[in-house]
Amino acid sequence: MEIPVMVGAGLVVIGVGLGIGRIGGSAMEAIARQPEAYGKIQTAMLIAAALIEGIGFAALFAV
Amino acid sequence: MQKATFTRLLLIAVLFLGQFSFAKETKEAKSEEQGTDLKTEIKDYIFHHLKDSHDFSLFSYTKENGEHKYVGFPLPVILWDEGLKVFSSSKFHHGETLAEVDGNYYKLYHSKIYKTDAEGTINYDEEHHPTNIKPFDFSITKNVVMIIITGLLMLWLFSSLARSYAKNNGVPTGAGRFFEPIVLYIRDDIARPNIGEKRYKKYMPFLLTIFFFIWFLNMFGMTPLGINVTGNIAITTALALLTFVITNFTGTKDYWMHQFDPLGKSLPWYGKVVLYIILVPIELLGLIIKPFSLLIRLYANMQAGHIVIGSLIGLMFVFKSWIGSPLSFGLAFAIMLIEVLVALLQAYIFTMLSALYFGFASEEHEHEHETEVAH
């Protein structure tokens, strides 16, 4: 019982990492394309990253 | 003159050397005494640090004769157990002895107070949970002390800032030069765009308070006093509950219409019935999930940061060679720098998301949009 729970949490964390990585990468591209919108892009990026991060923590605390 | 300086330096050097040898001795003594249990000891130490406690201990050490010495001060314990019981937590002697109050005996077990008999026996069920009575605990614990200190600090800081602004005709001086950009940032970049020009003023006091409260408490958590207030789920729950209550009590008619009638005039009623069996519960669940994610995020981030720093410092005792100390110091230092950023970032995210939820609750639909959908 113990091992599958941990593997599941690990999978969730991998997914969260990929998701936040994509957000960061896309934000970089967006800033490179439109440097003047830096502030707005950063805010939107942080919100999206924070929402995904919550799922990761929920998975970690389920272990 | 030069000779005197030299002697002083030598004296200081000797004193420091003494410190080093002392530190080394206790370390070796510890690892020999505990043997293979060192890892569990480090784990226990970290988890003990994360918990709230009934006394404000700064540090503890073991004397040469094996006696544990604690440096710190006790805090009042307030219990409700068939009547109010108030006594000092020094009666527990850090969990080593029972506290006797009015013929009742209380024991500190894993930072929780249980009522016991005169011998202090604790009964367990099959899952090794104590079955003793737990009296209602309203104690002024370490976290409560820190909350009171932070509250007083904020009250003093911001009221004195307000006075200095009144005196200097709105020109910032001293600490105002540091805090004014932050306050303006919260107003112009968090509240205004998310809540809207018309209604943002109503929410500003709450947003500013919650931002500085969380930020200050996070920063206090970075000090070596061993404070972990925002990493306590009860406190983040209370903070998220405030956001929840304010969101729903200041919600406009349109907000509640959106909760119970999300499709509006775009469908006739017989079309809605089937969809709403699924849609309305999801919308209502969203009400709960929003503050829940707020509380989990803050709690988990601060908790995780403290665990990581604690584990990295623990590395020093695991390696037992010259490589351990610089490695552990370097890693802990780097993580500490990130944690200072996280302390600010979590306060920002909490404020930002609260503002976003307030914005959802206070939005008023442009009604031409709905007619457009209708035809």
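1. A residue is called buried if 20 or more other C-beta atoms lie within 10 Å of its own, exposed if 12 or fewer do, and partly exposed in between, with C-beta atoms placed from the backbone. By that criterion, 21% of the 375 residues of chain B count as buried, and for chain A the figure is 8% of 63 residues.

2. On provenance, this is a predicted model, in which local features need pLDDT of at least 70 and side-chain atom pairs count only at pLDDT 80 or more, while totals for chains, interfaces and linings use all residues. Residues are numbered from 1 along each chain as its sequence is written, and chains are lettered from A, with ligands numbered from 1, in the order in which they are written.

3. Chain A contains two helices and zero strands, where helices (H or I, at least four residues) and strands (E, at least two) are DSSP runs numbered from the N terminus. Its C-alpha atoms fill a box of roughly 50 × 15 × 5 Å along the principal axes. The radius of gyration of chain A is 15 Å, whereas a compact globule of 63 residues would have one near 11 Å; the radius is taken over C-alpha atoms, and the globule rule is 2.2 Å times the number of residues to the power 0.38.

4. In the model, residues 8-60 of chain A are 92% helix and 0% strand, with end C-alpha atoms 9 Å apart. For residues 6-23 of chain A, the span is 100% helix and 0% strand, and the end C-alpha atoms lie 26 Å apart.

5. Between the chains, seven residues of chain B are in contact with eight residues of chain A, a contact being a pair of residues whose C-beta atoms, placed from the backbone, lie within 7 Å. On the side of chain B that touches chain A, α8 (269-319) and α9 (324-361) of chain B each supply at least two residues, and α8(B) gives the largest share, with four residues. By class, that side of chain B has five nonpolar, one polar and one charged residues, where Ala, Val, Leu, Ile, Met, Phe, Trp, Tyr, Cys and Pro count as nonpolar, Asp, Glu, Lys and Arg as charged, and the others, Gly among them, as polar.

6. Chain B has ten helices and eight strands. Among its contacts between residues at least 6 apart in sequence, 58% join residues at least 24 apart.

7. Chain B holds an open sheet of three strands in the order β5-β6-β7, with antiparallel pairing; two strands pair if DSSP finds at least two bridges between them. Because β5 (99-101) and β7 (112-116) of chain B stand at the edges with a single partner strand each, one side of each is left without a neighbour in the sheet. Neighbouring strands of this sheet are turned by 35° against each other on average, direction ignored. Five bridges join β6 (residues 104-109) of chain B to β7(B), and in β7(B) the bridge partner of Y106(B) is K115(B).

8. Strands β3 (residues 76-80) and β4 (residues 84-88) of chain B pair in the antiparallel sense over five bridges, with V86(B) in β4(B) as the bridge partner of I78(B). Their hairpin has three residues between the strands, and E82(B) takes a positive phi near 50° there.

9. Most residues other than glycine have a negative phi. N169(B), which is not a glycine, has a positive phi of about 55°; its place is in the loop between α3 (142-167) and α4 (176-195) of chain B. N169(B) is exposed, with 6 other C-beta atoms within 10 Å.

10. I133(B) lies in the loop between β7 and β8 (136-137) of chain B and counts as exposed, with 11 C-beta neighbours inside 10 Å. Leaving aside residues up to four places away in sequence, I133(B) touches Y114(B) and K115(B). I133(B) and T116(B) are 17 residues apart in sequence and 7.8 Å apart in space, C-alpha to C-alpha.

Conventions. Axes fitted to C-alpha atoms, helices over the stretch in contact; angles between N-to-C directions. Contact = placed C-beta atoms within 7 Å.
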